[in-house]
Amino acid sequence: MKPDPTIWDWPLRLWHWAFAGFIAFSLYSGLSGDIGLLEWHQRSGLVLLGLLVFRLGWGLWGGRYARFRHYWTTPSAFIDHFRRRGRPGAHTSPGVALALVLFAATAVQVGTGLVATDDIFTEGPLHRYVSDELARTATWVHHRVHWLVLGAGVVHLSAHAVYALLRDPTPLAMFTGRKRLELPATPHFWVRAGVTSLLAAGVALAVTYTERLF
């Protein structure tokens, strides 16, 4: 029997688990009420910034099915999936929609966190470059968008729980990288992944040490 093709390349799988882990930690450290965790909350946010930059790059030149051209859907395709009339593809229409919502919400959360302030203990690394009004608006958004991130995460986990109950192998895909489809396997592009990682780390470090750079 021909083995299922590799749909999720290794760099994307490693990114997925890092992204999930730092989102979880950021939510915990930000919502726990422990002031001692705020510094780690900021560090986690900066790591998430690097991960977002990596994913943007990987969406342009990464593994075959990680590229943005495979993340397109329509309302009709979304409905057809639940009617079992959708065409098999690397990503399902609901999966694409959820991934885009989670990515966008996290980007907003990280972006606003860079300039947010509590006017007492902490402020984002780019706070001094924006007006007080913009900082207040960003802080207001930052204190609310995390519910969208949390909600998207709950939907994601719930969907995989349903798949598991139906004995569908989809929840294992981010471990194995494989999916039951008649599609060519994706290359892993390790050199590109290394270069993209350096770019992402450079952006995160530049933001971290902006006061020393400028």
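Helices (H or I, at least four residues) and strands (E, at least two) are DSSP runs, numbered from the N terminus. By that rule, the protein chain holds eight helices and zero strands. This is a predicted model: local features need pLDDT of at least 70, side-chain atom pairs count only at pLDDT 80 or more, and totals for chains, interfaces and linings use all residues. Residues are numbered from 1 along each chain as its sequence is written, and side-chain values use heavy atoms, with hydrogens and water left out.

**Overall shape**

- From the N terminus on, the elements run α-α-α-α-α-α-α-α.
- The C-alpha trace spans about 60 × 35 × 30 Å along its principal axes.
- The radius of gyration, taken over C-alpha atoms, is 19 Å; a compact globule of 214 residues would come near 17 Å, so the chain agrees with that rule. The rule itself is 2.2 Å times the number of residues to the power 0.38.
- Of the 214 residues, 35% count as buried. Buried means under 20% relative accessible area, exposed over 50%, and partly exposed in between (1.4 Å probe, protein chains only).

**Loop residues with positive phi**

- Most residues other than glycine have a negative phi.
- R167 has a positive phi, near 60°, and is not a glycine. R167 lies in the loop between α5 (132–165) and α6. R167 counts as exposed, at 78% relative accessibility.
- F189 also has a positive phi, of about 50°, without being a glycine. F189 is in the loop between α6 and α7. At 23% relative accessibility, F189 is partly exposed.

**Aromatic pairs**

- The structure holds four aromatic pairs. Rings of Phe, Tyr and Trp (its six-membered ring) pair if their centres lie within 6.5 Å; planes under 30 degrees apart count as stacked, over 60 as edge-to-face and the rest as tilted.
- One of them joins W17 and F175: the ring centres are 4.9 Å apart and the planes at 40°, so the pair is tilted. W17 lies in helix α1 (residues 10–31) and F175 in helix α6 (residues 173–176), so the pair ties together parts 158 residues apart in sequence. W17 is partly exposed, at 40% relative accessibility.
- Another joins F54 and W58: the centres are 5.5 Å apart and the planes at 20°, so the pair is stacked. Both sit in helix α2, four residues apart, or about one helical turn. F54 is buried at 7% relative accessibility, and W58 is buried at 0%.

**Charges over rings**

- A charge sits over a ring if NZ of Lys or CZ of Arg is within 6 Å of the ring centre and within 35 degrees of the ring normal.
- R13 lies over the face of W10, 4.0 Å from the ring centre.
- The charged end of R55 sits over the ring of W15, 5.7 Å from its centre.

**Nonpolar surface patch**

- L56, L60, W61, F68, L199 and V203 form a nonpolar patch on the surface, with about 520 Å² of accessible area together. Patch residues have over 30% relative accessible area and no salt bridge; like charges are joined within 9 Å, nonpolar side chains (Val, Leu, Ile, Met, Phe, Trp, Tyr) within 5 Å. A salt bridge is a side-chain nitrogen of Lys or Arg within 4 Å of a carboxyl oxygen of Asp or Glu. Areas come from the Shrake-Rupley method with a 1.4 Å probe; for residues, only the protein chains shown count as cover.
- α2 (38–61) and α7 (190–208) each supply at least two of the patch residues. α2 gives the most, with three.
- V203 is found in helix α7.
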